[in-house]
Amino acid sequence: MLVEAMLDFPEEEIDDLDVARRNSSLSSIQDQLQSVLKQSQQGSLLREGAHVVLVGQPNVGKSSLLNRLSGEDIALVSDIAGTTRDVIRQSLQINGIPLHVIDTAGLRESQDTVEKMGIERTRAAAGSADLILLLLDARHGITAADQEIMSTLPSNIPRLHVYNKADLLSDTAGLPSGSNENEVYLSAKSGVGLEVLRERLLKLIGWHNEGGLFMARERHIRALKSAQQHLDQAAGEIRRSELFAEELRLAQDELSSITGEFTPDDLLGEIFSRFCVGK
């Protein structure tokens with residue numbers, strides 16, 4: 001309203017207090033929108049859950065970890081590399097938060113047609129994940145083969161390095177203390193370290209246990225993010241009133257797609273009711 005009044009009625013006196021009010025209002029709205037977006041994303045996690053994909057070399061313990069997390073023998077476990085040839089999906093909950101965990105075929109060079117198809121499905125699953133668990137052998141650390149796998153994973157998706165088979169290490173007292181939030185040592189066989197893994201999973205998917213959550217739909221979250229982008233762009237155009245006003249209008253349109261239409265007549269009504277325009 002302030003910005004449109006400045007543009008449409010330049011002959012009216014808009015003093016420095018109105019300019020200061022405009023600037024402080026923009027900052028306040030950005031903060032409020034960020035808070036709403038955060039709450040909506042938490043609500044979305046509660047309603048829809050997150051997709052977690054297990055990737056790594058063959059025989060590193062992905063299927064064993066899936067079984068341990070689910071509490072069931074969902075996936076076949078064998079010492080023979082390449083046992084898993086297709087994606088295996090299992091839904092489970094951690095502290096009430098639904099997770100869709102996907103076990104995948106081990107990533108390696110293969111001439112087996114069926115295994116190669118499974119590897120392609122692994123890459124597709126990783127590309128659409130909310131979080132990637134990269135399983136590594138704790139006895140060997142990150143090998144050249146692991147580095148090759150890491151280079152093919154999407155860089156924009158959070159990942160957690162899970163060093164499995166920690167029970168086979170000769171010096172378990174020398175394990176990292178856990179200060180690095182992007183790695184965890186555990187044993188899928190014995191269950192040691194599983195609780196730490198669960199905590200890290202929730203943190204990396206963005207879960208924060210707090211009040212004021214609401215169940216937003218995906219389209220609502222997209223609209224909120226788009227409105228946030230327009231407000232950020234508006235802040236960069238604050239000295240160019242026309243562009244500033246346009247970004248605010250686009251942000252309003254996004255919010256109106258959630259709450260209902262806000263028409264130009266509504267805007268004019270606000271201006272005439274709060275400004276002494278024409279008097």
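**From a surface loop to an enclosed helix**

Modeller: S155 is exposed, because its relative accessible area is 74% (exposed is over 50%, buried is under 20%, partly exposed is in between; 1.4 Å probe, protein chains only). The model is predicted, so local features need pLDDT of at least 70 and side-chain atom pairs pLDDT 80 or more, while totals for chains, interfaces and linings use all residues. Residues are numbered from 1 along each chain as its sequence is written, and side-chain values use heavy atoms, without hydrogens or water.

S155 sits in the loop between α5 (144-152) and β5. Helices are DSSP runs of H or I with at least four residues, strands are runs of E with at least two, and both are numbered from the N terminus. G127 is 28 residues from S155 in sequence, yet the C-alpha atoms of the two are 9.6 Å apart in space.

Now the whole chain. The chain has nine helices and six strands. Of its 279 residues, 40% are buried. Take the contacts (heavy atoms within 4.5 Å) between residues at least 6 apart in sequence: 64% of them join residues at least 24 apart.

How many of the nine residues of α3 are buried? Seven are, so the helix is largely enclosed by the rest of the structure. The buried residues are K62, S63, L65, L66, N67, L69 and S70. Their cover includes the strands β1, β2, β3, β4 and β5, and also the helix α6. Just past the end of α3, G71 takes a positive phi of about 75°.

Look next at α3 against α6. Two packed helices are described by the angle between their axes and the distance between the axes. Here the angle is about 85° and the axes are 12 Å apart. (Axes are lines fitted to C-alpha atoms, for helices over the stretch in contact; angles run from 0 to 180 degrees between N-to-C directions.) The two helices α3 and α6 are therefore roughly perpendicular. That word covers 65 to 115 degrees; under 35 is roughly parallel, over 145 is roughly antiparallel, and the rest is oblique. L65, R68 and L69 of α3 meet L194, L197 and R198 of α6. By class, this contact of α3 with α6 has four nonpolar residues, two charged residues and no polar ones. (Nonpolar means Ala, Val, Leu, Ile, Met, Phe, Trp, Tyr, Cys or Pro; charged means Asp, Glu, Lys or Arg; the others, Gly among them, are polar.)

A nonpolar core is a set of buried Ala, Val, Leu, Ile, Met, Phe, Trp, Tyr and Cys residues joined through side-chain atoms within 4.5 Å. In soluble globular proteins, nonpolar side chains tend to be buried together. The largest core here has 27 residues, and L65, L99, L133, V162, L197, L201 and I205 touch the most other members. Two or more residues come from each of β1 (50-56), α3 (62-70), β2 (88-94), β3 (97-103), β4 (131-137), β5 (159-164) and α6. The largest share, four residues, comes from α6. Leaving out residues up to four places away in sequence, L197 touches L65, L69, L133, L160, V162, V184 and L186. Another core of 16 residues lies apart from this one, with L136, M150, L153 and Y163 among its members.

Side chains of opposite charge can pair when their charged atoms come close. A salt bridge puts a side-chain nitrogen of Lys or Arg within 4 Å of a carboxyl oxygen of Asp or Glu. By this rule there are five. E195 pairs with R198, with the closest N and O atoms 3.5 Å apart. Why are E195 and R198 about one helical turn apart? They are three residues apart in helix α6 (residues 194-204). E195 is partly exposed at 47%, and R198 is partly exposed at 23%.

Helix α8 (residues 241-259) holds E246 and R249, three residues and about one turn apart. Their side chains meet in a salt bridge of 2.6 Å, N to O. E246 is partly exposed at 32%, as is R249 at 38%. Salt bridges with shared partners join E246, R249 and D253 into one network.

R139 and D137 form another salt bridge, with the closest N and O atoms 2.7 Å apart. R139 is partly exposed at 41%, whereas D137 is buried at 11%.
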